Amino acid sequence: MDFLDEIEATVPALRRYARALTRNADRADDLVQDCLERAIRKRSLFAPTGPLQAWLFRILINLWRNDLRFERRRGEHVPIDSLVSEPAVAPAQPGRIALAEMSRAIDRLPDDQREALLLVVLEGMSYQDAADVLGIPAGTLMSRLGRARAALRALTGSGEEPRLRSVK
């Protein structure tokens with residue numbers, strides 16, 4: 001399989017991970033496009049000592065971190081459509097409430113913990129592969145996962161399942 005075919009095979013996983021990081025489909029697609037463009041442009045820097053997928057995830061994460069740094073310097077962007085809002089009504093479905101609560105809890109995690117959690121849980125990577133993608137030792141990855149899981153339990157309730165708020 002040649003370089004471009006391997007990149008093409010990795011695109012769905014990159015899109016999944018980018019969407020989980022950004023929580024925005026358009027922004028995730030832009031991030032993946034930037035990642036692919038950089039990978040093809042920097043093809044000569046790829047050292048085939050490991051899988052191409054790990055290299056692509058590394059590029060994606062670095063681009064994501066650069067975007068976060070830029071946004072912090074620029075300040076919060078508020079779309080004009082969000083200035084006029086109607087009162088929100090909580091959905092009646094408990095499952096959607098629990099998923100929304102978990103999503104908000106994941107968004108509140110520190111970046112390093114969220115990145116580690118999403119690689120292992122969403123992408124199904126082994127601890128060692130995820131550690132290689134993030135450029136950290138496996139023990140550090142496991143520590144970040146442990147802290148992320150503990151934080152999620154604290155943010156969503158003490159049990160295994162997210163707590164459900166009763167709707168009255």
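You're looking at a predicted model, where local features need pLDDT of at least 70, side-chain atom pairs count only at pLDDT 80 or more, and totals for chains, interfaces and linings use all residues. Residues are numbered from 1 along each chain as its sequence is written, and side-chain values use heavy atoms, leaving out hydrogens and water.

**Stop 1: α7.** Select residues 138–156, which form helix α7 (helices are DSSP runs of H or I, at least four residues, numbered from the N terminus). Now colour Leu 141, Arg 144, Leu 145, Ala 148, Leu 152 and Thr 156, the buried residues of α7 (buried means under 20% relative accessible area, exposed over 50%, partly exposed in between, with a 1.4 Å probe and protein chains only). They cover an arc of only 100° around the axis, so they sit on the same side of α7 (the arc is taken from the directions from the helix axis to the C-beta atoms). Show α4 (94–108), α5 (111–122) and α6 (127–134) too: the buried residues of α7 pack against these.

**Stop 2: the loop at Arg 23.** Jump to the loop between α1 (3–22) and α2 (25–41), where Arg 23 lies. Arg 23 isn't a glycine, yet its phi is positive, about 60°.

Key:
Helix = DSSP H or I, 4+ residues; strand = E, 2+ residues; numbered from the N terminus. Expected span 1.5 Å × (residues − 1). Contact = heavy atoms within 4.5 Å.
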